[in-house]
Amino acid sequence: MDAEGLALLLPPVTLAALVDSWLREDCPGLNYAALVSGAGPSQAVLWAKSPGVLAGQPFFDAIFTQLNCQVSWFLPEGSKLVPVARVAEVRGPAHCLLLGERVALNTLARCSGIASAAAAAVEAARGAGWTGHVAGTRKTTPGFRLVEKYGLLVGGAASHRYDLGGLVMVKDNHVVAAGGVEKAVRAARQAADFALKVEVECSSLQEAVQAAEAGADLVLLDNFKPKELHPTAAALKAQFPSVAVEASGGITLDNLPQFCGPHIDVISMGMLTQAAPALDFSLKLFAKEAAPVPKIHWS
């Protein structure tokens with residue numbers, strides 16, 4: 001899907017509520033700095049100071065729209081950023097523009113960082129000749145999941161289930177609580193009915209076979225080393241060719257190609273949302289038509 005079209009996935013009411021909560025968190029009371037900046041008409045340029053994938057425009061727009069500011073983009077969503085890049089211009093009352101500055105930059109930086117990591121993971125997988133799904137996980141920041149899942153999509157990865165209602169995932173603790181793999185899967189299958197798929201986390205081929213026999217649609221081979229993962233997946237597929245296999249646990253951008261194989265359908269990576277470094281952006285006000293280019297401080 002075209003990255004610009006992904007904005008249609010974001011429910012306007014949910015987006016507005018998120019933006020409202022972010023702005024209230026940053027300024028729940030008196031904004032003394034507004035007396036310094038005043039309310040005169042101002043303009044600022046958004047600069048990208050690190051390479052990566054641009055992601056998060058709908059959130060950036062929504063923040064400034066709520067503050068009566070207008071954003072004009074010079075680069076489309078999903079663009080590859082080469083610093084220093086002039087990305088957008090924001091116009092509005094000075095105190096409003098500065099009120100939204102840090103919230104907007106934080107959101108854009110984080111979302112772009114996740115999109116950049118996702119794009120790198122997909123590129124590594126395709127470079128290994130693998131055509132399966134690179135996916136995120138539910139390991140997201142509380143209150144920030146919509147941004148992080150959206151960033152995955154802009155980067156070309158699959159978001160995986162958005163929440164507990166998107167897929168019935170039977171984890172190791174569910175198996176213990178239910179009294180075994182078969183009992184857990186039967187209960188999950190009954191709860192899922194016809195509308196949802198059932199995925200079961202397994203730590204051995206024996207558990208994977210039990211899960212498949214009990215009606216699992218997907219089997220998650222968690223924390224397997226590559227030399228154990230591929231023969232286990234092959235053996236499971238030989239018996240249950242219609243059962244999808246997901247690999248997860250300890251997978252990074254460096255070792256990702258080792259987990260790619262003909263019997264693996266999905267590779268999920270928690271690091272895409274937990275460890276992706278944020279990109280560096282700055283928003284600089286300018287008084288004249290020529291906006292100064294910021295300097296990059298290399299570490």
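Tryptophan 47 has arginine 86 of β5 as its bridge partner, in a predicted model for which local features require pLDDT of at least 70, side-chain atom pairs are counted only at pLDDT 80 or more, and totals for chains, interfaces and linings use all residues. Residues are numbered from 1 along each chain as its sequence is written, and side-chain values rest on heavy atoms, with hydrogens and water left out.

Strand β1 (residues 41–48) and strand β5 (residues 85–93) run antiparallel and are joined by eight bridges; strands here are DSSP runs of E of at least two residues, helices are runs of H or I of at least four, and both are numbered from the N terminus, while two strands are taken as paired if DSSP finds at least two bridges between them. The open sheet consists of four strands in the order β3-β5-β1-β12, with antiparallel pairing. Because β3 (70–73) and β12 (281–286) stand at the edges with a single partner strand each, one side of each is left without a neighbour in the sheet. Neighbouring strands of this sheet are turned against each other by 25 degrees on average, direction ignored.

Helix α3 (residues 57–66) packs on the sheet and touches β1, β3, β5 and β12, its direction making about 150 degrees with that of β3; contact means heavy atoms within 4.5 Å, and angles run from 0 to 180 degrees between N-to-C directions of axes, which are lines fitted to C-alpha atoms, for helices over the stretch in contact. Helix α4 (residues 94–127) also packs on the sheet, touching β1, β3, β5 and β12, and its direction makes about 160 degrees with that of β12.

For residues 41–112, UniProt lists "domain: Quinolinate phosphoribosyl transferase N-terminal" in an unreviewed entry; UniProt positions are given in the numbering used here, feature names are shortened, and annotations may be inferred rather than shown by experiment. Over residues 41–112 the chain is 40% helix and 35% strand, with the end C-alpha atoms 29 Å apart.

The axes of helix α8 (residues 205–214) and helix α9 (residues 226–239) come within 10 Å and cross at roughly 25 degrees. α8 and α9 are therefore roughly parallel to each other, a term applied to angles under 35 degrees. In their contact, Leu205, Ala208, Val209 and Ala212 of α8 meet Thr232, Ala235, Leu236 and Gln239 of α9.

Histidine 133 lies in strand β6 (residues 133–135) and, leaving aside its neighbours within four places in sequence, is in contact with Asp265, Val266 and Ile267.

Notes:
Parallel < 35°, antiparallel > 145°, perpendicular 65-115°, else oblique.
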